[in-house]
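Work through the following exercises with the sequence and the model open side by side. Each task is followed by a solution that goes step by step.

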Amino acid sequence: MLLSRKRRLRLLISQQTALVPRSEKVRQSGRVFSRLEQLDLFRKAANIGVYWSLSDELPTDGFIEKWAVRKNVFLPSIEGDDLVFARYTPGCRMVQGGLRVLVPSGTPHVDASQLDLVIVPGVAFDALGGRLGRGKGYYDRLLEKISVPGIGVCLEHQLIGQVPSEPHDRRVEMVITPAGIFIPAEHRREPDTLNSRENTDDPLLETIA
């Protein structure tokens, strides 16, 4: 029953995403990453893990090119059942890896424990950090073993009321959309970690508009 709900939701969100023009995805991406860049946890991070986006994901190429000359940017690739990360540098040779994802060629892998934060894609998220992926579990396994923040990013329509969840599903520490930043209570940080804060009436959630 739950698996069927997940499949139907993936199909629905994918259909909606396919209707969003590339230009609109890029516009929303700019707003999302502008919010991320204002966070102290991003400013203090030296090593950033971020996905190279597919056509049905929030675009990351502009963000990667911008920050690869200022920070150490690492892209994930699939190795067995897990994700490994390799550093991206402007102009490096990219090859197609698993699931059609482009990855840097000839670059040594680094352990995910060396990253300061990981930017996480998803088919859908909810405001409490729930995430619906593609069903392979790569990011669930990654989030389970790392201690650094996992930050979900998505297009406007990919934030939904509630993501169906199973015991093995892992939540992200915050979700950033074009409209704001959503942080579950258990992942709230010290005041100097975030630049501006707006508490909602929900004690389980805070948003940054």
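**Exercise 1.** Which residues of strand β1 (residues 47-50) point one way, which point the other way, and are they buried or exposed?

*Solution.* The model is a predicted one, in which local features need pLDDT of at least 70 and side-chain atom pairs count only at pLDDT 80 or more, while totals for chains, interfaces and linings use all residues. Residues are numbered from 1 along each chain as its sequence is written, and side-chain values use heavy atoms, with hydrogens and water left out.

Asn47 and Gly49 point to one side of β1, whereas Ile48 and Val50 point to the other, and all are buried (under 20% relative accessible area; exposed is over 50%, partly exposed in between, with a 1.4 Å probe and protein chains only). Strands here are DSSP runs of E with at least two residues, and helices are runs of H or I with at least four, numbered from the N terminus.

**Exercise 2.** Determine how β1 is joined to strand β7 (residues 117-120).

*Solution.* The two strands run parallel and are joined by three bridges, where pairing requires that DSSP finds at least two bridges. Within β7, isoleucine 119 is the bridge partner of valine 50.

**Exercise 3.** Describe the surroundings of histidine 109.

*Solution.* Begin with its place, which is in strand β6 (residues 109-110). Histidine 109 counts as partly exposed because its relative accessibility is 43%. Finally, its side chain and that of glutamate 79 are joined by a polar contact of 3.5 Å (a pair of N or O atoms within 3.5 Å; within protein, one must be able to donate a hydrogen and the other to accept it, and residues adjacent in sequence count only if both atoms are side-chain atoms).
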